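Subject: Structure handover

Hello,

Here is the structure I promised to pass on. Please open it alongside this message; my notes follow below.

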Amino acid sequence: MTKQLITALCISTTALLVGTLKASAADLTVHIANIEKSSGSILIGVYDSAEGFLDPKGMKARMKLTANTDGVSHTFHGLPEGDYAISVFHDEDDDGKLKKNFMGVPREPLGMSRDAKGSFGPPQFSDAVFTLPEAGTEITITLD
């Protein structure tokens with residue numbers, strides 16, 4: 001009887017822990033608008049913290065899409081719910097790098113979540129951050 005009781009308690013406790021430890025995963029759909037040329041690629045970077053924001057090493061997820069003047073979209077599946085910021089740029093010459101002028105001002109179209117803009121430099125994570133709920137969400141980023 002004691003053995004059965006201990007076994008039942010172990011099974012109940014395990015089931016309870018598995019239920020409470022289950023990680024939430026959400027889908028994030030990103031729509032990119034105002035693509036003026038069909039040449040090159042659209043590069044999307046998804047970041048989940050201020051540390052590493054706008055650094056390729058700091059990306060939580062990334063995607064490269066073929067540019068299309070009708071716009072492009074991509075869904076990132078299975079992201080943990082939480083805070084994110086997104087950067088996008090149109091790599092018109094498809095070299096994988098954002099072209100800048102001699103002062104460091106971008107020469108290729110780009111955009112950020114929440115339409116974040118920098119002031120005397122790139123925007124901060126806090127300017128672009130949004131919350132991804134467990135139910136998922138869609139956002140649109142317009143390139144400038």
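Start with Asp144. Its relative accessibility is 56%, so Asp144 counts as exposed. Asp144 makes a salt bridge with Lys117, and the closest N and O atoms are 2.5 Å apart. Lys117 is exposed as well, at 53% relative accessibility. Asp144 sits in the segment after β8 (137-142), and Lys117 in the loop between β6 and α2 (125-128), so the pair ties together parts that are 27 residues apart in sequence.

Keep in mind that this is a predicted model. Mean pLDDT for the protein chain is 88. Of its residues, 84% reach 70 or more. One stretch needs care: over residues 4-22, pLDDT stays under 50. For that stretch the model has 0 contacts beyond four places in sequence. Where pLDDT is low, predicted coordinates should not be read in detail.

Back to the charged pairs. The count is 5 salt bridges. One of them joins Asp94 to Lys64, with the closest N and O atoms 3.7 Å apart. This pair links distant parts of the chain. Asp94 is in the loop between β5 (82-91) and β6 (110-112), while Lys64 is in strand β3 (residues 59-66). The two are 30 residues apart. Asp94 has 40% relative accessibility and counts as partly exposed.

Another salt bridge brings together the side chains of Lys99 and Asp95, at 2.2 Å from N to O.

Strand β1 (residues 25-33) pairs with β4 in the antiparallel sense, over 7 bridges. To find that pairing on screen, take Ala26: its bridge partner in β4 is Leu79.

Over to you.

Best wishes

Note on methods
Residues numbered from 1 in each chain as written. Predicted model: local features only at pLDDT ≥ 70, side-chain atom pairs only at ≥ 80, totals over all residues. Heavy atoms only, no water. Salt bridge = Lys/Arg side-chain N within 4 Å of Asp/Glu carboxyl O. Helix = DSSP H or I, 4+ residues; strand = E, 2+ residues; numbered from the N terminus. Buried < 20%, exposed > 50% of the residue type's maximum accessible area, 1.4 Å probe, protein only. pLDDT = per-residue confidence, 0-100. Contact = heavy atoms within 4.5 Å. Pairing = 2+ DSSP bridges.
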